[in-house]
Amino acid sequence: MTWTIVRKEIIANLLSYKFFIVILLTTLLLFTSFFVLYKDYKGRLADYELVRAKPGEPIAVLPPNPLSIFAKGLDEAMTRSFEISRIGIEVFAGQKSENVIFAFFPTPDFVYIVKVVLSLVALLFGFDQISREKESGVLRLMLSNSVSRAKILAGKWLGNFLSLSVPFLLVTILGFVLINLDPLVRFSASSAARFFLLVLAALIYIALFLSLGILVSALTRRAASSLVILLLIWAVTVFVVPNLGTLVARQMVDVPSVKSLSEKQEQVWTREVLQMIIERRAKDDRGTGDIVKSHFDAINRELNQMEEDYRNKFDRLVRMSKNINRLSPAASFVYATTELAGTGIGEESRLKENILRYKDSVLSSPDRGEKQAPAFAYRYRSVGQVLTQGGLFDLSWLIFFNILFFAASFVAFIRYDVR
Amino acid sequence: MLGTLIKKEILNSLFSFRFVAIFALLIVVVPLTTFILTNDYVKKVDEYSFRQNNLENYLKNYAHFNRIGGVILPSQPPIPFYSLVRGISSDVNMGEFDDDPLPVVFPLLDLVFIVSILLSLAALIFSYDAVCCEKEDGTLKLMMSNCLARSKIILSKIIGGTIILLVPFLVSLVLGLFIILLNPRVAWTGANWATLAFVLLGAVIYIFLFLVIGVFISASHHSASASIMTSLFVWVLLILVVPNLSPYLASLMSPAPSQIKMNREISRLTDVERDDLGRKLEAERLAELVKRYPVLAGRFSEAEAKARVEKDPAFREAYQARTKEVDAAWIEANRIQNKKRDDLQQEFGRKVGAQTRLSRGLSMISPLADFTYLATDLTSTGAMNLRHFGRLREIWDQAFDAYEQSKIATLRKKSPAVDWWNTPVDVSDMPRFQYKEEALAARVKRALWPFAIMMMMILVVFVAAYFSFVRYDVR
C-alpha cells in the first residue's frame, strides 16, 4: 500500500508546475556552480605551479584541494604560501585578495547551494503535503479506505524524497563525472569516497527539511500559513542563527583581534633588535654573538607565547561558536561537509599546527643554510579521523533532527482532523 | 477611492497570520542584532584605544627610524555605525599567519543582511497572492463590477503592502536604535543620523521593488500556489545566486593575474633580472673604461685593489672612475627594472580594476547587491571606504616621510657621528594618522547609482505589472 502512495506522490510531482520550476533551478544552479568553481580551481592550480617550493626552500604551500570545487570552505586560506624566516612566518595570499567584490558575497559552491537553495526546495515539497490534500478533500477519501495514517505519511515522505533526490543525485553525479574527465583534476579514490559522503550528508540535510515541511503542514490547517511559517523558520535556521552565533560567541570569549596581535608582534621584534644594536654598539661590535643570540631567543620566546595565547583563545572561540551555531542544522551541515572535504576549520587549524612544527624543525636544524630546509609534507586527516573528530557528531545531529521532525509529524498527523 | 483601497489592503494584511509572524520575527531579530553588534562595537573601541596606548608607550621608549615604518601602520578605527552595518569591515587578515577565518564560513549578521534577505522575502510573502488570491476568492470580480480603474487597484496593492511591511520593520528598528542610544559609549552625530536616513530611504525603495515584483508575478499567474513558486524562483536567483556568481563570472570574462603571480613576477624583475642586467651594464661600461685607463685591465681582487690604491695614485684615480661607473651601471639597471615593475603594476592595477568594475556591474542586476553597495558605501563600511582609507594613508605616508627626513637632518646637524637610524628618538611631535570619514555628500553621490538602478527596476517592473493586470482575466 505504501508503494502505491509513493507512486501517486511521484506522479503528482512529475506533473506539477512546482516540480518543473524546482528541477530547472537545481540543475541550472548546480551546473553553473560546478563550472565556475572548477575554473576557479584550475586558476589556483596554475598559481600553485608558480609558487610551489623548490627543493630546500623553507616554504610550506599546499596545492589546492580538488574537493574545494564542491566545498570551498577555507581552501583559499589553506593554500596560502607560508615562508619560514628567522623572525616568523611570512604569508602570501592568493587570488581573490584584489577584487573586493568577492568579499561581499559567500562562495556559490555545492555546499552553499544545498545549504540555502535545496533546503528551501525541500520545504516547498513538504509544506502543503497534508494541508493541501485536506483542503482538496483527497485526504478524507484516502482515509476512508483501509490504510493506516502511518503508511500514508511514510508514503508521502518517501515519494517526495525520491522525486527530489533522484534528479538532484543525477545532476550532481553527472557534474562530478564531467569534472573528473579533466586530467588535471582527476579525483583519487579517497576523494571520490569523501565526495560520496558529502552527497550523503546533503541527502540527510534535504530529508530533514522535507520532514520539517511535512511537520508544519500537519500542524496547520491552511497551506498558505504553513508556507509562511516554514519560510521564516528557514530564514532563521539558514541565515540568522549561524551568522549571529559567531558574534554571540565573540561576546563570551575575549579574543584579541588579528590586527592587535600583529601590531604587538612588530613592536616586540623591533624593540629587541634595537636593544641588540645598542648593546653591540656599546661593546664596539666585538664578541657580540651572545647578545645576538639572547635577543633572538627573547623574540622567539615572546612571540611564541603571544601566538600560543592567541591560538588557545581562538580555539575556544571556534569551539564556542561551533556549539552555538549547531543550534541550526545548516551550520552542522556546513561543518560536516567542509571537514569531510578537507577545507573546514578543524583541518585549517591542524595545518597551522603542522606549519608551526615545520618552522621549528627548519629553525632548529643544525645547518641553517638557506637552501637546506627539509620539505614540508602535509597529509589531510583520513575520513575516519574526520568522522571521529566531530564529523560523526554533526551527521548524527542532522539524523537526530530528521527523526525528531518525522516523529513529531507522525504524532501531529495522527491527531490531524482530516475533515 | 485610492485611499479606501489602500485602507482595505492595510486592514486585510493587518489581521493576517503572515503579518503577525513577520512582526514577531523582526521584533526579535533586529533589536537582538543591534544589541550584540553594539556590544561588539564597544569592545572594538576598547581594543582600539588599548592598541593606541600600547603604540604610544612603545614610541616613547623605542621609536627609531630604521624599523618605525612597520610599527606605526595606520589602522581603521571602529566607527559608530558598526552597531548597525558591518559591510566588509571584518578582520579576516589573510596576510597574517594567525588569521581569523570565522567570517569566511559564516558572514556577520547586520541590518543590511536583515533588510536584504529577510525583508525581501517578507515582501514577496506579502505580495505573491495580491492579485491571484483575490481572483480565487472572487473579490476581484466584485471590485471590478464597480467603476474602478485597474491602475488604482494595482497601485493600492503596492502602496498598502509597502506601508504594512514598513510597520514591523520600523518598529523593530526603533527598538534597536533605543538600544544603541541607551548605551552611553555610543555617540551618534548629526551626520550619522543623516546617513541612517539615506540608508532607510534605500531600504524603503528596496522593499518597494520587491513588492512590485511580487505583484507583477501575482498578476501573471492564475493560482497562488504557482505564483509563490515563481516568486521564490525569482527571489533565489536575484538574492542568492546572481551576486555570488558575478565576481566568479567576471574573473572568467575579464581575467587578471593573481596576487601571488604578480609578486613572483615583480621579485623576478627586481631581483634576478636586475642582477643580470646590472652585471651586463657593468661589464659594458668597464670595457669602455679600460680603453681610457689601461691600468684597470685584467682581474684583481678587492684586497689587491686596496693595496694598489694606496701605493699608486694613478691607479687610485682610475679606480675611483671605475667605482663611479659601477655605481652608475647599477643605478641604470635599477631604473630600468623599476620602470618595468611600475609598468607591470600599473597593468595589473588596470586589469584588477576592470575586473572589479565588471563584477560590480554584473552583480548590480541583483537588487540585493545594489542595496548592499548603497548601504555599505553610505556608512563607510564598503569598497569606497577602502579606497578612501588608502588615500588618507597615502597623504599621511607623505607627511611622515617629510617629517622623518627633516628630523634626521636636524639630529645629524646636532651630532653627526651618531647612527640616527638605530638610536631611540623622541617622536612625540610626529604627525599622527587621523581617520576621518568621507564627507556625506561624496558618499551620497556614490550611492546614487544603486539608487537609480533600483528606481529604474521599479519603473520597468511596475509597467510590466500594470500591463499584465490590465490583461488579467478576473473571472
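Here are my entries, in the order in which I made them.

**Ground rules.** I noted that this is a predicted model, where local features need pLDDT of at least 70, side-chain atom pairs count only at pLDDT 80 or more, and totals for chains, interfaces and linings use all residues. Residues are numbered from 1 along each chain as its sequence is written, while chains are lettered from A and ligands numbered from 1 in the order in which they are written.

**Chain B, overall.** I looked up the secondary structure of chain B and found 16 helices and 0 strands. Helices (H or I, at least four residues) and strands (E, at least two) are DSSP runs, numbered from the N terminus. Next I checked the extent: the C-alpha atoms of chain B fill a box of roughly 120 × 50 × 35 Å along the principal axes. The radius of gyration of chain B is 33 Å, whereas a compact globule of 475 residues would have one near 23 Å. That radius is taken over C-alpha atoms, and the globule rule is 2.2 Å times the number of residues to the power 0.38.

**Domains of chain B.** I found two entries in the domain assignment of chain B: domain 1 (2–256 + 366–470) and domain 2 (259–359). Such bounds come from an automatic or database domain assignment. Taken over C-alpha atoms, the centres of domain 1 and domain 2 of chain B are 51 Å apart. I then looked at where they meet: 7 residues of domain 1 of chain B are in contact with 6 residues of domain 2 of chain B. Contact here means that the C-beta atoms of two residues, placed from the backbone, lie within 7 Å.

**Where chain B meets chain A.** How many residues of chain B are in contact with chain A? I got 77, and they touch 80 residues of chain A. Among the elements that give two or more residues to this side of chain B are helix H2 (17–62), helix H11 (259–292) and helix H13 (313–363) of chain B. The largest share, 18 residues, comes from H10(B).

**Strands in chain A.** Last, I turned to strand pairing, where two strands pair if DSSP finds at least two bridges between them. Strand S1 (residues 59–60) and strand S2 (residues 81–85) of chain A run antiparallel, joined by 2 bridges. S2(A) is also joined by 5 bridges to strand S3 (residues 88–92) of chain A, again antiparallel. I followed A:Glu83 across: A:Ile59 stands opposite it, and A:Glu83 stands opposite A:Glu90 in S3(A).
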